[in-house]
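Here are a few exercises to work through with the structure open beside you. Try each task before reading its solution.

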Amino acid sequence: MREIDWTALRDDLTARKTAAIDDLPALVERFTEEAEAVGAKVYRAADAAEANRIVAAICRAKKAKLVVKSKSMATEEIGLTEHLEKHGVRAIETDLGEWIIQLAHERPSHLIAPAIHKTREEVAQLFAKVVGHPVPDDTASLVAVARAELRQYFLNADIGITGGNALIAETGTLLLVTNEGNADLATSVPPVHIAVVGIEKIVPTLDDAMAIVKLLARSGTGQKITAYTQLITGPSRSADIELKTQIGVHGPKELHFVLLDNGRSAMREDPAFRDALRCIRCGACSNVCPSYQVVGGHVFGHVYTGAIGLVVSPWHHGTDSVAYEQGMCLGCNACDTVCPVSIPLASLITEVRAKAVERIGLSLPKRVLLKQWSAPEAIDRVAGWLAILQGPFRHDGLVRVPFGAIAKEKSLPAISDRPLHFRAREVTQTNPSSPATRVALFPSCLVDRLIPEAGYAAARRSRRRTHRRRRRASPSSRPAWSIASSPRPGTPRRGSFRRWARRSTSSRDAAAAGSRS
Amino acid sequence: MAKDAITALERVRADRIVIPSSSCAITITQDYARLLAGDDEWRERALGLAERITPFTRFAAELARERATRGRPLGIRATYHDACQSANVLGVHDEPRALLRDVAGVELVEMAESSVCCGFGGTFSFEYPEVATRILDRKLANIAATGADVVIMDNPGCLTHLRGGIDARRGTTRVRLLAEVLWESLSPEA
C-alpha cells in the first residue's frame, strides 16, 4: 500500500481552511448567490433560536408531519429535533447510531460514533421496544431491524434534513459523506431537503472540498474515503422532455440551506479561537484522548464532545456548558498531534479553563494549595508540616495514604527533608574558575521537594560531562553549573517574592541563583 | 505570576537554563509568550528567556553527541515511557532512547502506547482519582507486558505517579528518571 504523506495533507488542508475562514463573509455571499442561482433557497440564522424558527416555518409551509434526519451535529447544537417535536413535527434520526440514542433519549457521546457508549445488548433492548418482540443481540440482526424500520420513514417523510460536511462557494454545492447511505435516501426520497450547516463549513472551491474528503474519513474512521460521498447542487432537475428544465424529478423539488452562525462570527473575531473554526468534525481528538476513553463524551464535552467540544462549546452554549467538564483534560496534548487541521486544542482548552475558573472558582483544597505553593516561605512551611504528618506512613521515599480514593490509586512521593536547593553548593563547588558556558538547573517544584535525588543526578550527570571535557580542552573552557532559584509560580504579595529572591541569592547555601564561579 | 518568574529567571547569570521537567520547560518557553501576547515588552522578554532554556533530555543528548560520551554499561532491561508533553509538544522520541542505549548500555524493550499519558496531569490525579487510576492501570499493564524491570522517563510528574501507582499495587518494577540512570552510568564511584 502506498503510504500517504499525512503532514503534507494536513498542512494543505490547514492552509485551505485558514484562507476560507479569513475570507468567510465574502464566501457566505458567494455561496448564497451560487446556490440561489441553481434554485436553492438560502437563509441565515444568527443563533439557534432563529435556525429552529426557520426550519419550523418551512415544515409548517409544507404541512410536514414527518421528517427524516441524516446525522448532523449542527442540528444537535441547536436542539432541532426537540424544537420540531414541540411544533407537532416528528423527526426521526436515520443514522444507526443517532437512531439508537434517539430511542434511548440521550445525546451523542462522540462526533461521528454517537452511540459508542452503548453495548449491542443495550441496543437489542431498545430495538425490542420498537418492534414489540425480543430482538437477537448480534449486530447483523440489529442492523436488519434498523433497515426495515427506517425504510418506511424514508418513504413516508415529508422532508429530509441533513447537516453538511462542506459547502462549496463557487458552485453553491453541498458535500455530504456517510458510510450507511442514509443521507442519500434522506436527500433523494422526500420532496423537500433542508440542510442546516455552520457557516465555517464554506470553502471556496471543489478542490478545497476534496482536500476535506481526503482527510475526513482518514482521521475519523481510518478509511481512505467514506462509502457514500455526495455533492448536491440545487434541487433535482431534468430537461429530457423538449429540453425544458423541470425541477424535481426523482429527488427533491426544493432545497433549503440554513446557514448557522450561533457564535461562529464571534469566534472568528477572537485571535486564538478563530483557529478552531477550521474543525471538520472528524472526532480524532476524542479517539486519542486518554481521559475521554475513560469517561466518554457525556462527561468530556457538551453537545460537541472531546477536545474540540471543550473548545467550541463556550461559543455555542455558553461558558457554563463546559465549566466543570474542562477539568477532565489532562493537558497531555495528544489531540494536537492528530488534528487534521492543526487546531492548537490543548492551549485553547487552557484558555477555556482560565475562563471557567474565573466563573466557578477553584475548589477549596486547590485554592489553599496553590496559594501556599506560590509563596516561597509558605512552601517551606507547608513542606515542613507535611514532612511531619507523613512520618508514620513513609517508606522508601513514598507515603502510603491510609484512606480515601487516593489510597487505591497510588502512594504519594514523600516530602524530602533535604530539598535539592539545599545541595546547590555540592554541585557548584567544583565549578571551574573561568567557565566556557554557564549552565543553570531549574529544578521544578516536584524535583526540588519530592525527588531531589533525581535533580541532583541531572546536575551531576551534566557536571560529569564537564569533567570529561576538561581532560580534552583547556581548563578555562569548562562550563560552570548552578541551580537556579526556582521562581515558584508568582505570589499575591510581590514584596515577599523579592525578599525571597534576595534571600536566595545571598550567602545561604540554598538556591544559588547564577553561577558562583 | 509569569512576570515574576521571568524576572527571577532573567537574573540567573547563566548562558543556558536546563530544566529536567518537560511541563515546566513548556510553560516557560511556550505558555508565557502566549499568556503575555497582549503586552509587547513582556512578550519579548518571555521569548528572550525561552531562547536560553533547554529541556534536560535535549541538553543531555546534545552533550553526549558532541563528545561521543560512553558510560558504564548498566546491564539492565528497561522500557521507556514517553512523557506525554515531551512527546506531543517537544517531539522528543529518539534522544532518550539513544542516550540510554549508547551511553548507559541499557537494553530497551518498547511498550505499547508509550506516549499515552500516565494519568498524572498535575492536580488531575487528586481531583479525579477514579479516572486517573484507570488511565494508570492501562499504562502499568503496558509496562508489565514488556517484562522490563525498570521503566524510565524524563518527566518528574510521571515519575511520582508511576512510582506511587506501582507501590500502591505492591509492584516491583522500578521507576527511574532518565537523569538518574545516566548519572548512575557516568558517576565515578560505582
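**Exercise 1.** How many residues has the largest nonpolar core, and which of them have the most contacts inside it?

*Solution.* Keep in mind that this is a predicted model. Start with the count: the largest nonpolar core has 176 residues. Next, look for those with the most contacts inside it: A:Val67, A:Val196, A:Leu260, A:Ala276, A:Val311, A:Leu345 and B:Leu182. Now pick A:Val196 and skip its neighbours within four places in sequence; its contacts then include A:Ala51, A:Val55, A:Ile161, A:Val258 and A:Leu260. Finally, find the other core of 6 residues that lies apart from the largest one; among its members are A:Leu398 and A:Ile415.

**Exercise 2.** Decide whether B:Arg77 is buried, partly exposed or exposed, and find what it touches.

*Solution.* Locate B:Arg77 in strand β3 (residues 77-80) of chain B. Then count: 14 other C-beta atoms lie within 10 Å, so B:Arg77 is partly exposed. Beyond residues up to four places away in sequence, B:Arg77 touches B:Glu107, B:Val109, B:Ala148 and B:Asp149. Check one distance too: the C-alpha atoms of B:Arg77 and B:Leu108 are 5.9 Å apart, although 31 residues separate them along the chain.

Terms used: Residues are numbered from 1 along each chain as its sequence is written. Chains are lettered from A and ligands numbered from 1 in the order in which they are written. This is a predicted model: local features need pLDDT of at least 70, side-chain atom pairs count only at pLDDT 80 or more; totals for chains, interfaces and linings use all residues. A nonpolar core is a set of buried Ala, Val, Leu, Ile, Met, Phe, Trp, Tyr and Cys residues joined through C-beta atoms within 7 Å. A residue is buried if 20 or more other C-beta atoms lie within 10 Å of its own, exposed if 12 or fewer, and partly exposed in between; C-beta atoms are placed from the backbone. Two residues are in contact if their C-beta atoms, placed from the backbone, lie within 7 Å. Helices (H or I, at least four residues) and strands (E, at least two) are DSSP runs, numbered from the N terminus.
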